[in-house]
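Good morning, and thank you for joining this presentation.

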Amino acid sequence: MSHSGPKAPLAAAPSGPLRGTVEIPGDKSVSHRALILGAMTVGETKITGLLEGQDVLDTGKAMQALGAEVVRDGPGAWRVSGVGVGGFKEPEDVIDCGNSGTGVRLIMGAVATSPLTAIFTGDASLRSRPMGRVTIPLSNFGARAVGRSHGRLPLALVGAAAPGPVTYAMDTPSAQVKSAMLLAGLNVPGITEVIEGERTRDHTERMLRGFGAEVEVIEIEGGRRIRLTGQPELKPCEIAVPRDPSSAAFPICAALITPGSEVRVPNVSLNPTRAGLYTTLREMGADLVFENEREEGGEPVADLVARHSELHGVEVPPERAASMIDEYPVLSAVAAFATGKTVMLGVKELRVKESDRIDAMARGLEACGVTVEETADTMTVHGLAGDVPGGATVEARLDHRIAMSFLVLGCAAKTAVTVDDAGPIATSFPGFRPLMAALGASLDEPEAA
Ligand code: S3P
């Protein structure tokens, strides 16, 4: 379902200190995959800690449209009774994935090797994003897609009736593309192989194994070869979704830039394919401690404690981009408070996210008094050593992470920062506002002009 209706402006005024312990919602990537793999399994998969953001709810509805039973037992507690690999039925209506690129791309993969036709759409942000990066590789299995120009949604996907195994070398570092190919490979006899030149998040591989599929991962220079044996009988699982490091980033970054703050965020996933922001923040001089490091449900987890810090700019290397791809917006907000410049290299993928995130952050930061330089695939933020003017209204552009990043910035700026629409935050972090308020952030509807 799309975020539609009137815009919901929200302002962050100078706040703090931010103090306390906050429970972050479940990981979005893991939540999508739990619903999709549960739907491809015969029997009942039980999920706890599922993210109940709109993106994930839309994936749940899509799984129902494809024939699975998806039931909510209580907050974060869901059951999926699946149809088995190859058991999807043709959906009767258009599948609306709302704002979610992960949802639509993974579901296209999951249906691409079944003899059915499915039609996909989404909100204005999703309808503007490239789908050829998934439909072109899926055509190697024999799936056909007809969309609008540049392969954009709405799009009809005709699944392959007699798919054969595929070896695919990815040209874009994208866990969504990798996952779409692996999910498609599930309903194909023989071995499907995906080669990634850069390591991207590996939740699909981990979870496929958890469901009993045979997945071989071979480390290669910089990346991985992933070999999936097709047509497994997936076994239902109990999945405890870890807390989302990409969401934890917002209160943690707010604490680092707001004087006097100390914030604790327990049980956060520190999967190495997701933890690049935390490495970068520490390089910038962040007082960021990992306590109680342990493993839960196959994922490394820790309790994170962040305290206000004097930060300095750094150069973030391109090979780290995949492990923090969703965190550059909030990093660029933090970088505005550092001393010296922060250079982010190899970040062209940011231009095809929920918004063009380089442009959205650069324009918003400039409006807040921060100098930014950009090229096609780099962004440089000139830090103001704690003195960020703020005082602007910035556009969220239907992008949850842009909205949250500027609200974080507003907590520590000299003057309040308003985002024109905080509605999209519900796609990934429904409790963001009360959670930040509980820490001491001043988030309020702006007074009418
Ligand atoms: C995701 C992969 C990333 C990320 C997105 C979630 C996933 O996208 O930005 O928020 O769950 O696979 P790309 O595959 O486009 O890098």
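Helices (H or I, at least four residues) and strands (E, at least two) are DSSP runs, and they are numbered from the N terminus. This is a predicted model, in which local features need pLDDT of at least 70 and side-chain atom pairs count only at pLDDT 80 or more, whereas totals for chains, interfaces and linings use all residues. Residues are numbered from 1 along each chain as its sequence is written, and side-chain values use heavy atoms, with hydrogens and water left out.

Let me start with the backbone. Most residues other than glycine have a negative phi, and most peptide bonds are trans. Asn267, in strand 15 (residues 262–269), is not a glycine, yet has a positive phi of about 60 degrees. Two peptide bonds also deserve mention. The bond from Gly16 to Pro17 is cis, with omega near 0 degrees; Pro17 belongs to the loop between strand 1 (10–13) and strand 2 (19–21). The bond from Leu153 to Pro154 is cis as well, with omega near -5 degrees, and Pro154 sits in the loop between strand 8 (144–146) and strand 9 (155–158).

I turn now to helix packing. Two packed helices are described by the angle between their axes and the distance between the axes. Axes are lines fitted to C-alpha atoms, for helices over the stretch in contact, and angles run from 0 to 180 degrees between N-to-C directions. Angles under 35 degrees count as roughly parallel, over 145 as roughly antiparallel, 65 to 115 as roughly perpendicular and the rest as oblique.

How do helix 8 and helix 12 pack? The axes of helix 8 (residues 245–257) and helix 12 come within 8 Å and cross at roughly 20 degrees, and the two helices are therefore roughly parallel to each other. Contact here means heavy atoms within 4.5 Å. Helix 8 contributes Ser246, Phe250, Cys253, Ala254 and Ile257, while helix 12 contributes Arg401, Met404, Ser405, Val408, Leu409 and Ala412. These residues divide into eight nonpolar, two polar and one charged. In this scheme Ala, Val, Leu, Ile, Met, Phe, Trp, Tyr, Cys and Pro count as nonpolar, Asp, Glu, Lys and Arg as charged, and the others, Gly among them, as polar.

Helix 12 (residues 400–412) also packs with helix 11 (residues 357–367), at an angle of about 25 degrees and with the axes 11 Å apart. That makes helix 11 roughly parallel to helix 12. On the helix 11 side, the contact includes Arg357, Ala360 and Met361; on the helix 12 side, it includes His400, Ile402 and Phe406. The division is six nonpolar, three polar and two charged.

Helix 1 (residues 28–39) and helix 7 (residues 203–210) pack at about 40 degrees, with their axes 10 Å apart, which makes helix 1 oblique to helix 7. Ser29, Val30, Arg33, Ala34 and Leu37 of helix 1 meet His203, Thr204, Met207 and Leu208 of helix 7.

Finally, the ligand. Which residues are around the ligand? Among them are Ser29, Arg33, Ser174, Ala175, Asp326 and Lys353, where being near requires a heavy atom within 4 Å. An oxygen atom of the ligand is 2.6 Å from an N or O atom in the side chain of Ser174. A ligand oxygen is 3.0 Å from a polar backbone atom of Ala175, and a polar side-chain atom of Lys353 lies 2.7 Å from an oxygen atom of the ligand.

Notes
Polar contact = N/O pair within 3.5 Å; in protein donor to acceptor, adjacent residues only side chain to side chain.
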